[in-house]
Protein chains: 2
Amino acid sequence: MGPLAQVADTVQVHLDAVESRITQQAAAFDPAIEGYVAYALGGKGKRLRPLVAILSGGATGPITSAHIDLAVILELIHVATLVHDDIMDEAERRRGQTTVNARWGNTLSVLVGDCLFAQALNLSTNFNKAEISRAIAQAARDVCSGEIIQTQRRFDLHLGIDDYQQIVEMKTGSLFAVAAELGAVINEADTATVRSLKNYGLKVGTAYQIYDDCLDIAGNESVIGKTLGTDLRKGKLTLPVLMLLRAAPAAERERYCQLIVGGKAEEMTDLLRTDAAGAPLSAAVEAGQNLIEEAQGELAALSASGYSESLHQLGDGLRELLDQLR
Amino acid sequence: MGPLAQVADTVQVHLDAVESRITQQAAAFDPAIEGYVAYALGGKGKRLRPLVAILSGGATGPITSAHIDLAVILELIHVATLVHDDIMDEAERRRGQTTVNARWGNTLSVLVGDCLFAQALNLSTNFNKAEISRAIAQAARDVCSGEIIQTQRRFDLHLGIDDYQQIVEMKTGSLFAVAAELGAVINEADTATVRSLKNYGLKVGTAYQIYDDCLDIAGNESVIGKTLGTDLRKGKLTLPVLMLLRAAPAAERERYCQLIVGGKAEEMTDLLRTDAAGAPLSAAVEAGQNLIEEAQGELAALSASGYSESLHQLGDGLRELLDQLR
């Protein structure tokens with residue numbers, strides 16, 4: 001067994017521990033609530049934030065129970081935001097199952113999200129460094145703030161690519177950034193290493209959101225396990241749309257804007273999928289891939305190990321996923 | 001100036017500090033979000049949880065900046081739950097102003113509540129004792145859990161008075177309990193004192209919710225500054241309703257149940273207001289007043305001071321408010 005395969009085995013053991021602690025979280029609630037929380041946590045998520053936290057820990061020292069806690073907390077916050085997102089998007093499917101809102105209504109979903117959030121911050125008081133729980137709370141605040149800015153700017157045709165980047169960094173990059181950063185902070189890594197890993201997380205997380213946004217246009221619903229095409233219907237202008245608008249001549253641009261504002265999401269999606277008008281989907285894919293390259297560049301600061309190599313490979317895997325959408 | 005007037009002055013100075021720190025919280029957010037947060041926090045709330053935290057601090061030692069932090073955090077959590085409540089209740093008015101949901105819609109309200117919650121838990125990482133932030137996170141979880149149970153049991157005619165008590169203790173009592181408890185914990189008060197103050201907070205908070213529930217039936221909308229009569233319309237069976245159902249003969253009970261399930265909230269409210277069928281409103285008021293008496297009994301464990309006397313007076317004030325609803 002090569003060194004990378006050994007790392008993969010060790011990481012899997014830790015991810016199993018994360019999974020089992022996630023499952024236990026439901027039991028922290030009143031029996032009347034346990035079922036909802038267990039359902040929300042039980043979807044087949046990719047557990048990417050836990051993976052980044054664990055790999056960052058391994059890349060900077062031992063993987064400890066504090067890393068498992070970190071991974072669980074970040075996933076709880078992530079699931080809380082998904083539950084709330086699904087209310088706002090009126091989504092029906094998520095992670096291969098019916099959404100909490102579709103199953104029990106919006107009222108319960110607001111509260112289940114709040115419960116998950118409270119439990120995350122409850123667990124985060126177990127760290128003996130306030131720095132760690134503070135960084136987590138700030139990341140949670142950034143996620144919500146990014147979502148608010150995104151909501152404000154629905155159907156806003158003046159949204160620039162830089163605005164999009166800010167939104168995506170806040171709503172998705174920040175939890176990946178704090179996963180990578182705190183994985184290293186727990187191991188008391190030096191400042192430069194912590195900074196590099198934080199940047200790695202921010203860039204990989206942002207690239208992942210770009211992938212997710214492209215998927216909403218180019219993906220296959222039955223494979224992905226969630227409702228697609230919701231972004232444009234809800235007025236969220238994602239990178240492929242912005243690339244289309246930027247590349248289009250004035251008259252075409254005017255027509256696209258009318259389609260967006262007029263709620264013709266399907267026509268727009270068809271346009272974007274068929275590579276009309278300057279291959280905007282490819283341009284968005286490329287932007288995501290460039291970010292991954294930058295993220296991988298940050299790893300040069302780490303001492304070489306199976307874990308730093310795995311962080312690199314995580315980028316490669318995401319790059320391939322993006323490639324399939326071109 | 002007598003000793004109680006002196007305490008009142010000192011408390012006001014601390015409450016002003018709380019108010020000014022609450023106002024500052026909005027500035028912690030991205031400028032795009034600041035306005036919503038400032039609006040949500042700017043309503044004319046009674047700041048009861050901050051008051052209990054400050055008085056509990058004064059009753060057990062010096063009132064420190066940690067007490068101000070505690071007060072601010074608990075008010076942020078409370079406002080977060082109000083913003084989310086108002087979505088679920090489709091309320092239009094709160095604290096004398098248009099609700100966040102009525103002004104900016106449900107999507108933004110979900111997120112603004114989340115932001116307030118995240119900021120509360122961000123501030124709570126400033127305590128140097130994990131015990132304090134843990135108790136706050138657990139109280140926040142109890143509040144959300146209580147709301148879930150309440151939501152589950154809307155229009156549930158099998159809801160008992162003991163179920164109601166559990167819900168109200170969780171959704172309202174818990175934040176008052178933690179305010180009083182931690183006010184003493186910050187001053188390193190002995191275990192018996194901490195326990196007595198926690199019980200005081202739980203009972204006063206529960207009585208306050210009973211008052212609020214009675215107000216929804218017997219209050220005056222223009223005086224209260226929020227939409228009344230929402231509980232029954234939303235299927236929330238509060239104490240006066242439960243008292244009515246318990247006291248009614250079988251045939252009458254059947255008719256009341258049909259009114260509730262049939263959505264005849266106004267007819268039910270008229271019944272409750274006019275003291276038909278066994279004065280259920282008076283019975284609920286009396287239950288609240290008994291709880292206040294129990295809460296005041298807990299104060300016997302404290303050394304006598306202007307602050308413990310003020311905690312006692314807070315109970316007296318609430319008892320008078322209840323009396324006006326008979």
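Biologist: Leaving aside its neighbours within four places in sequence, which residues is V185(B) in contact with?

Modeller: This is a predicted model. In it, V185(B) is in contact with E131(B), I132(B) and V194(B), once neighbours within four places in sequence are left aside. V185(B) itself belongs to helix α8 of chain B, which comprises residues 161-186. The C-alpha atom of V185(B) is also separated by 8.8 Å from that of T60(B), although the two residues are 125 apart along the chain.

Biologist: Does V185(B) count as buried or exposed?

Modeller: V185(B) counts as buried, because 25 C-beta neighbours lie inside 10 Å; the cut-off for that class is 20 or more.

Biologist: Which residues touch the most other members of the largest nonpolar core?

Modeller: In soluble globular proteins, nonpolar side chains tend to be buried together. The largest nonpolar core here has 216 residues, and L116(A) and L116(B) touch the most other members. Not counting residues up to four places away in sequence, L116(A) touches V37(A), A40(A), L76(A), V79(A), A80(A) and V83(A).

Biologist: What rotation superposes chain A on chain B?

Modeller: Two copies of a chain are related by a rotation about an axis and a shift along it. Here a rotation of 180° with 0.0 Å of shift superposes chain A on chain B, with an RMSD of 0.0 Å. That is the relation of a two-fold axis. The same surface serves both copies, as 100% of the contact residues of chain A recur in chain B.

Biologist: How many residues of each chain are in contact, and which helices of chain A supply them?

Modeller: The contact joins 33 residues of chain A with 33 residues of chain B. On the side of chain A that touches chain B, α2, α4, α6 and α7 each supply at least two residues. The largest share, 14 residues, comes from α7(A). The residues of this side of chain A divide into 18 nonpolar, 10 polar and five charged.

Key: Residues are numbered from 1 along each chain as its sequence is written. Chains are lettered from A and ligands numbered from 1 in the order in which they are written. This is a predicted model: local features need pLDDT of at least 70, side-chain atom pairs count only at pLDDT 80 or more; totals for chains, interfaces and linings use all residues. Copies are superposed by least squares on the C-alpha atoms of residues with pLDDT of at least 70 in both. Two residues are in contact if their C-beta atoms, placed from the backbone, lie within 7 Å. Helices (H or I, at least four residues) and strands (E, at least two) are DSSP runs, numbered from the N terminus. Ala, Val, Leu, Ile, Met, Phe, Trp, Tyr, Cys and Pro count as nonpolar, Asp, Glu, Lys and Arg as charged, and the others, Gly among them, as polar. A nonpolar core is a set of buried Ala, Val, Leu, Ile, Met, Phe, Trp, Tyr and Cys residues joined through C-beta atoms within 7 Å. A residue is buried if 20 or more other C-beta atoms lie within 10 Å of its own, exposed if 12 or fewer, and partly exposed in between; C-beta atoms are placed from the backbone.
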